[in-house]
Amino acid sequence: MTAVEWTQAQRESSAPPRAERVSARSEPVRTCIGCRRRELAADLMRVVAQRSVDSEQTVVVVPDPRRRLPGRGAWMHPSSACLSQAVRRRAIGGALRVSGHLDISALEHYVENRHEHS
Ligand SMILES: [Zn+2]
């Protein structure tokens with residue numbers, strides 16, 4: 001049962017609504033594909049797969065800080081540790097449902113730069 005269904009079930013029952021504990025609607029939770037921990041989406045970065053213009057066999061994985069890019073997205077902590085974990089477990093291709101060679105250089109760049117500034 002999802003949080004939303006649970007809220008509706010609560011409302012439909014005779015029990016008076018409890019305090020506003022259910023903030024899930026404004027703060028969605030995602031699972032990091034690297035360490036697999038659940039985290040607020042606001043603290044994770046979204047990544048999407050894009051076709052490479054150079055090679056049909058290559059899928060370019062790019063960060064999507066604005067969360068606006070079309071296509072299937074995956075979520076992960078913007079850290080090199082989670083990135084390397086995701087790579088090792090081949091979680092990126094699995095989460096994005098893509099196969100072939102993954103070019104994650106843009107991701108690595110993004111994570112490294114973030115790291116320097118934090
Ligand atoms: Zn993580």
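How many bridges join strand S4 to S6? Three bridges connect strand S4 (residues 58-63) to S6, and the two run parallel. Strands are DSSP runs (E, at least two residues), numbered from the N terminus.

The model is predicted: local features need pLDDT of at least 70, side-chain atom pairs count only at pLDDT 80 or more, and totals for chains, interfaces and linings use all residues. Residue numbers start from 1 along each chain as its sequence is written.

**The sheet**

Strands S4 and S6 belong to an open sheet of four strands with the order S5-S3-S4-S6 and mixed pairing; two strands pair if DSSP finds at least two bridges between them. At the edges lie strand S5 (73-76) and strand S6 (101-103), each of which pairs on one side only. From one strand to the next, the twist averages 30 degrees, where axes are lines fitted to C-alpha atoms and angles run from 0 to 180 degrees between N-to-C directions. Within the sheet, Val60 stands opposite Asp103 in S6. Strands of a sheet pair through backbone hydrogen bonds, either parallel or antiparallel.

**Positive phi in loops**

Arg36, which is not a glycine, has a positive phi and is found in the loop between strand S1 (29-31) and strand S2 (38-40). Arg67, likewise a residue other than glycine with positive phi, is placed in the loop between S4 and S5.

| Residue | Phi | Other C-beta atoms within 10 Å | Exposure |
|---|---|---|---|
| Arg67 | near 60 degrees | 12 atoms | exposed |

Conventions:
A residue is buried if 20 or more other C-beta atoms lie within 10 Å of its own, exposed if 12 or fewer, and partly exposed in between; C-beta atoms are placed from the backbone.
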